[in-house]
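Let's take a friendly walk through a structure with two chains in view. Have the picture ready as you read.

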2 protein chains.
Amino acid sequence: MICVLAGGVGAAKFLRGLVAVVGDEKITAIVNTGDDLTLYGRRICPDIDTVTYTLAGVVNPETGWGVANESYTIRRTLIELGDTPWFLLGDRDIGLHMFRTQRLCAGKKLSEVTAEVCHCLGVPISVIPMSDSPVATKILTERQDGSLKEMDFQEYFVANHHEPVVRGVRYDGIEAASPPPQALSALGECDRIIIAPSNPLLSIGPLLAVDAIAEILRARRSACIAVSPLIGGKAVKGPAADILTSLHAQSTVTTVASLYREYCSSLAIDPQDSDESVQLQALGVAPLVTNLWMRTPQEEAKLAKRVLHG
Amino acid sequence: MICVLAGGVGAAKFLRGLVAVVGDEKITAIVNTGDDLTLYGRRICPDIDTVTYTLAGVVNPETGWGVANESYTIRRTLIELGDTPWFLLGDRDIGLHMFRTQRLCAGKKLSEVTAEVCHCLGVPISVIPMSDSPVATKILTERQDGSLKEMDFQEYFVANHHEPVVRGVRYDGIEAASPPPQALSALGECDRIIIAPSNPLLSIGPLLAVDAIAEILRARRSACIAVSPLIGGKAVKGPAADILTSLHAQSTVTTVASLYREYCSSLAIDPQDSDESVQLQALGVAPLVTNLWMRTPQEEAKLAKRVLHG
């Protein structure tokens with residue numbers, strides 16, 4: 001049994017590779033919910049949806065998120081009504097959000113609705129939100145004039161194209177976060193824990209900020225390996241490098257190792273970053289040097305296999 | 001200036017006729033909100049939407065409600081997810097509901113959002129909800145075994161196809177209903193008030209149960225004419241006849257007149273019901289005998305003209 005701490009696109013691709021490698025073996029993904037938001041009355045869970053769509057085989061291959069062959073009637077209607085939608089609104093995606101919202105309003109837990117959706121869409125692994133109660137990642141950004149402004153995650157990430165300089169990150173509601181019991185038991189009982197190649201502060205950060213999750217990880221450090229989201233010090237996608245630089249002085253796999261060292265005993269890094277192996281070892285984190293690119297299903301599976309078997 | 005108390009399809013057709021007759025003259029429709037509901041996180045206002053779509057020229061001509069040339073991607077998605085949607089879900093319609101929900105969540109009043117939508121869609125009259133705070137029509141129904149069950153309006157009307165016998169109707173939230181000031185000033189200042197051909201208990205009932213509206217109508221009784229929703233004792237559409245029979249012993253224009261006599265001085269009735277003219281006069285309600293069918297835009301306009309000018 002394998003447990004993966006997962007963010008969005010990178011984690012989803014890695015999980016797809018893992019499924020290709022281990023097949024029917026039990027995989028549990030515990031997914032970040034700090035990016036979740038309510039928009040037009042619908043509860044949206046971007047990371048859960050990305051993982052779900054990817055593993056259901058319906059993800060848009062061009063973006064890595066959203067549904068393939070999507071239609072945009074709702075978006076056009078909103079624009080006709082004078083609205084300026086800043087968050088992409090595909091019809092099928094909205095249908096899933098409406099389903100989720102209706103179930104949540106009826107008193108179901110997010111973990112229950114997620115399981116229901118995954119079952120219907122034929123997702124072959126367990127996808128579990130990190131918390132059934134809402135957690136909201138808040139981004140402290142610096143304006144051009146040096147003044148600070150706290151933004152909601154999606155305001156920073158989507159509306160402002162993750163351009164603002166990040167001066168702080170906090171996870172609103174994290175103290176009261178309620179990890180589903182099946183997430184904790186999976187983490188406690190699995191053979192291997194993998195921290196997926198996701199943004200350490202925006203995607204994995206919220207997961208590690210949940211006390212119950214952090215506690216198990218610290219106790220099971222030797223069973224846990226992380227995958228660097230950086231290749232050659234750069235993020236494959238998104239603002240990870242910029243944020244590591246603004247908050248931790250540099251964007252290197254050493255920085256990633258220092259953030260994860262409490263929770264994992266090794267870190268998969270790309271050959272481009274292998275010159276930092278010594279620094280990792282100094283931090284007590286064993287480097288596993290392997291190609292981190294996941295441009296094809298073959299590369300996804302190869303990486304998963306390497307991370308799993310060393 | 002003309003004020004119309006309006007329900008759904010019948011009222012919308014009548015209003016379309018009125019616009020054809022009076023053109024640019026100021027028309028205000030004060031619309032029932034007792035049927036409103038929240039579904040899949042979206043705030044739905046069936047009567048406001050029917051009036052809006054009809055006067056914007058985008059209504060589905062076959063149903064009299066919803067949008068013409070609608071697509072159903074969301075509905076299909078929900079069904080794929082194992083949901084059994086009992087309320088029709090057209091994509092464009094959902095887009096409007098999402099727009100409304102977002103605006104309401106941002107603190108706008110229903111009357112403000114309605115005005116915004118009407119402006120964008122080119123609706124040539126003022127459409128004002130009867131209340132900015134929620135009112136919910138509740139239907140006491142009788143089961144086959146004689147036991148009673150209270151249903152939400154749409155549970156009775158849509159999910160149960162208005163088949164259950166109705167033993168009572170109440171308007172939840174009506175004491176706290178907040179009619180928008182512009183509705184009250186329009187009612188107070190207009191030259192003519194018209195009660196549209198809508199269900200007296202389900203559509204007009206909630207409007208008349210709003211204290212501030214009823215008060216103005218009583219004071220302006222002589223300026224007010226109602227249009228019977230019955231033709232030959234039968235409803236053109238919907239359960240009006242059944243409900244009048246179960247709650248008021250018979251489904252006749254005399255019953256309608258007895259329900260409206262406090263608020264209007266005359267009632268437009270169809271030639272088929274002209275034998276009740278004497279009973280109407282005995283109730284102090286002057287009958288205006290005229291063809292009530294609105295099967296074509298010509299008939300709609302003809303009826304509106306007759307109701308307006310006697």
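## After a helix

Which residue follows α2(B), and is its phi positive or negative? The residue is Gly57(B), and its phi is positive, near 75°. Keep in mind as you look that this is a predicted model.

Now step back into the helix itself. Helix α2 of chain B covers residues 46-56 and is mostly covered, with 11 of its 11 residues buried. Among them are Pro46(B), Ile48(B), Val51(B), Tyr53(B) and Leu55(B), along with Asp47(B) and Asp49(B).

## How the two chains are related

Chain B can be superposed on chain A by a rotation of 180° with 0.0 Å of shift along the axis, giving an RMSD of 0.0 Å. That is why the relation is the one of a two-fold axis. In chain B, Gly41(B) has the C-alpha nearest this axis, 2.4 Å from it.

The same surface serves both copies, as 100% of the contact residues of chain B recur in chain A.

## Two crossing helices in chain A

Two packed helices are described by the angle and the distance between their axes. In chain A, the axes of helix α1 (residues 9-22) and helix α13 (residues 297-309) come within 7 Å and cross at roughly 75°. Therefore α1(A) is roughly perpendicular to α13(A).

On the α1(A) side, the contact residues include Phe14(A), Leu18(A) and Val21(A), while those of α13(A) include Leu303(A), Val307(A) and Leu308(A). By type, the residues of this contact divide into 10 nonpolar, one polar and four charged.

Key
Residues numbered from 1 in each chain as written. Chains lettered and ligands numbered in written order. Predicted model: local features only at pLDDT ≥ 70, side-chain atom pairs only at ≥ 80, totals over all residues. Heavy atoms only, no water. Buried < 20%, exposed > 50% of the residue type's maximum accessible area, 1.4 Å probe, protein only. Helix = DSSP H or I, 4+ residues; strand = E, 2+ residues; numbered from the N terminus. Least-squares fit on C-alpha atoms with pLDDT ≥ 70 in both. Contact = heavy atoms within 4.5 Å. Axes fitted to C-alpha atoms, helices over the stretch in contact; angles between N-to-C directions. Parallel < 35°, antiparallel > 145°, perpendicular 65-115°, else oblique. Nonpolar A, V, L, I, M, F, W, Y, C, P; charged D, E, K, R; others polar.
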